[in-house]
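Thanks for making the time this morning.

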Amino acid sequence: MIILDKNRPFDGQHIVYIGGSGGMGMPTSKSLLKKGANLTITTLPNRPDIATIDRSFQEIASQTNSKVQIIELDITKGNQIKEMLEKAEKSFGKIDKLIIAAGVSHLGSLLDVSRDEWDAIMDVNVWGILQTVQMAVPYFNKGARIVVFGSDVGFKPSHDIPLYSISKIALHTIVVLLAQELAKLGFSISGLAPYNTPPGMKWVYKKVDGKLVCGPEDCDTPDWGNLPPTGSFIDLQTIMKTVDYLLDSSHDLNGTIIPITGGYGMTVS
């Protein structure tokens with residue numbers, strides 16, 4: 001039996017969560033439902049487990065007096081973003097909060113990166129996210145807040161994942177610059193930049209026998225990264241609490257990106 005949170009800071013608010021059914025997205029989405037939010041969640045197209053995911057969300061929504069819908073979305077396609085936003089507004093009204101956790105990683109050296117690899121990462125991690133914010137603005141309620149998932153490598157590039165690092169540096173720059181433009185419209189944007197957090201990235205590109213292959217990240221392998229000084233990878237509960245904090249915080253945090261590194265700070269891990 002699900003016990004309702006005493007504090008429901010998002011009661012009746014419409015939150016759109018891009019990537020809300022992913023590794024970090026799903027538990028965060030379920031937490032937001034329990035806190036009263038009406039959620040529009042996006043997932044990648046053609047997922048075979050979409051019906052199972054939908055049932056799990058609907059069960060929580062029915063017990064918490066919240067509403068939820070799942071929409072398939074390719075974040076690189078402007079027409080799909082527009083259709084998603086129109087459906088979101090029709091279902092639950094103007095958007096109070098927007099969370100963007102979409103992203104894809106990449107394994108490989110810069111000297112070997114092809115144009116196809118570059119485009120695959122940049123289209124999702126940079127252009128897809130900027131395009132989503134651009135198109136979402138007309139659907140926002142007064143005082144809307146945006147929270148974007150960045151990465152610690154957006155502050156301290158990693159030689160293990162250089163292309164991903166470049167994309168996150170670009171994304172952090174976009175957040176800082178958008179903060180100035182959005183503030184004039186009465187909105188704000190902030191972000192979080194976590195170090196490795198199990199269960200890891202949902203999708204990672206790498207070359208296998210000369211071909212570009214996309215699959216889930218294995219966070220149990222030695223190459224997943226060193227443990228931070230705390231002795232453990234970042235706790236998913238920390239991510240969830242930080243998202244809540246940014247969603248419910250003052251607009252004074254507009255343009256702020258919070259590193260969550262377990263002690264690595266700005267050093268190279």
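How many salt bridges does a search of the whole structure find? The search finds seven salt bridges, where a salt bridge is a side-chain nitrogen of Lys or Arg within 4 Å of a carboxyl oxygen of Asp or Glu. Before I go through some of them, please keep in mind that this is a predicted model, in which local features need pLDDT of at least 70 and side-chain atom pairs count only at pLDDT 80 or more, while totals for chains, interfaces and linings use all residues. Residues are numbered from 1 along each chain as its sequence is written, and side-chain values use heavy atoms, with hydrogens and water left out.

One of these salt bridges joins lysine 82 to glutamate 86, at 2.4 Å from N to O. The two residues are four apart in helix 3, and therefore about one helical turn separates them; helices here are DSSP runs of H or I with at least four residues, strands are runs of E with at least two, and both are numbered from the N terminus. Lysine 82 is partly exposed at 41% relative accessible area, and glutamate 86 is partly exposed as well, at 36%; by this scheme buried means under 20%, exposed over 50%, and partly exposed in between, with a 1.4 Å probe and protein chains only.

Aspartate 152 and lysine 156 also meet in a salt bridge, at 2.5 Å from N to O, but here aspartate 152 is buried, with 5% relative accessible area, and lysine 156 is buried too, with 3%.

Seven strands form an open sheet in the order 3-2-1-4-6-7-10, with parallel pairing, and two strands are taken to pair if DSSP finds at least two bridges between them. Strand 3 (68–72) and strand 10 (257–260) are the edge strands, each pairing on one side only. Within this sheet, strand 1 (residues 14–18) and strand 4 (residues 95–100) run parallel and are joined by four bridges, and valine 16 has leucine 98 in strand 4 as its bridge partner.

Helix 3, which spans residues 78–92, lies across strand 1, strand 2, strand 3 and strand 4, and runs at about 165 degrees to strand 3. Contact means heavy atoms within 4.5 Å, and angles run from 0 to 180 degrees between N-to-C directions, with axes fitted as lines to C-alpha atoms, for helices over the stretch in contact.
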